[in-house]
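User: Hello! I am new to this protein and would like a friendly walk through its structure. Could we go step by step?

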Amino acid sequence: MTAANGRPATGDTTRAEETPGAPDDTVAAVVRQWRAVHPGLDTGPMEIIGRINRCAALLQQAEDAPLRRAGLSRSEYELLGALRRTGRELTPGEVARETFASGTAVTKRLKHLTERGLVERRGDSRDRRVAHVRLTDAGRDLVDGILPEQLAYERSVLSGVAPAGQGDLATLLGDLLAHLEGRLGPARA
């Protein structure tokens, strides 16, 4: 059974691996192996979650060429980007929430980025335990300069998916993310 959008309808056990012309990726091979061992199990969740995890791992391994040339890791870039897009000083805890990172990881990244002159820390005048972090001019210039190049790189990574498919994928992943964020709660710092 197929829904109006051409995808299998809810409850349909037909999977992409059984459809002629479907991609034959690593996850499809894993699913075939599991079906041989447990032919009665619905492997649908594995086909989705497995592909999301595999894509994430491959994207992390690629290390984003423009970021690498700038001497930044993806996590450092996300920290700088959070400061730039919010347009204000953030506390390390706010940075952790914005970047879905642990407090320890944020502290380490802030130390490195401060040493590079890309961010500055300032103590709070009312509470000495609180620090505020902001981009330096060099940090802002780096983020603004690398963003177009990074987006072009990401566009090339997605070039194997038709533009309409990219929109559908973004919508479906957004639906999944909203569901998971609602169910699991906000990221913990």
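Analyst: Here are some questions and answers about this predicted model.

User: Which order do the elements of the protein run in, from the N terminus on?
Analyst: Happy to start there. The secondary structure comes to eight helices and two strands. From the N terminus on, the order of these elements is α-α-α-α-α-α-β-β-α-α.

User: What percentage of the residues in the protein is buried?
Analyst: A residue is called buried when its relative accessible area is under 20%. The protein has 189 residues, and the buried share of them is 24%.

User: What share of the contacts in the protein with a separation of 6 or more comes from residues 24 or more positions apart?
Analyst: Contact here means heavy atoms within 4.5 Å. Among contacts with a separation of 6 or more, the share from residues 24 or more positions apart is 51%.

User: At what angle do helix α1 and helix α2 pack?
Analyst: Two packed helices are described by the angle between their axes and the distance between the axes. Helix α1 covers residues 26-37 and helix α2 covers residues 44-62. Their axes are 9 Å apart, and the angle is about 145 degrees.

User: Is the crossing of α1 and α2 left-handed or right-handed?
Analyst: The residues that meet include Val-27, Val-31 and Trp-34 in α1, and Met-46, Gly-50 and Arg-54 in α2. By class, this contact has six nonpolar, two polar and four charged residues. The crossing of the two helices is right-handed.

User: Which element gives the most to the lining of the second largest pocket?
Analyst: This pocket holds about 230 Å³ of space. It is lined by 14 residues, and the closest to its centre are Tyr-77, Gly-81, Arg-85, Val-143 and Leu-147. Two elements give two or more residues to the lining, α4 (74-86) and α7 (137-157). With seven residues, the element that gives the most is α4.

User: Is Gln-150 buried or exposed?
Analyst: Gln-150 lies in helix α7. Leaving out residues up to four places away in sequence, Gln-150 touches Asp-64, Pro-66, Leu-67, Arg-74 and Tyr-77. Its relative accessible area is 1%, which is under the 20% cut-off, so Gln-150 is buried.

User: How far apart are the C-alpha atoms of Leu-67 and Tyr-77?
Analyst: Leu-67 is found in helix α3 (residues 65-69), and at 0% relative accessibility it counts as buried. Beyond residues up to four places away in sequence, Leu-67 touches Leu-72, Ser-73, Arg-74, Tyr-77, Ile-146 and Gln-150. Leu-67 and Tyr-77 are 10 residues apart along the chain, and the separation of their C-alpha atoms is 7.4 Å.

User: Why does Phe-100 count as exposed?
Analyst: Phe-100 sits in the loop between α5 (92-99) and α6 (103-115). The cut-off for an exposed residue is a relative accessible area over 50%. Phe-100 counts as exposed because its relative accessibility is 60%.

User: What is the phi of Phe-100?
Analyst: Most residues other than glycine have a negative phi. Phe-100 is not a glycine, yet its phi is positive, at about 55 degrees.

User: How far apart in space are Asp-137 and Leu-118, C-alpha to C-alpha?
Analyst: Asp-137 has its place in helix α7. With a relative accessible area of 49%, Asp-137 is partly exposed. Asp-137 and Leu-118 are 19 residues apart in sequence, and their C-alpha to C-alpha distance is 7.5 Å.

How values were computed
Residues numbered from 1 in each chain as written. Predicted model: local features only at pLDDT ≥ 70, side-chain atom pairs only at ≥ 80, totals over all residues. Heavy atoms only, no water. Axes fitted to C-alpha atoms, helices over the stretch in contact; angles between N-to-C directions. Helix = DSSP H or I, 4+ residues; strand = E, 2+ residues; numbered from the N terminus. Left-handed = near helix turned anticlockwise from the far one by under 90°. Nonpolar A, V, L, I, M, F, W, Y, C, P; charged D, E, K, R; others polar. 1 Å grid on protein atoms, 1.4 Å probe; cavity = no way out; pocket = protein on both sides within 12 Å on 5 of 7 lines; lining within 4 Å. Points joined across faces, edges and corners; volume = space filled by probe spheres on them. Buried < 20%, exposed > 50% of the residue type's maximum accessible area, 1.4 Å probe, protein only.
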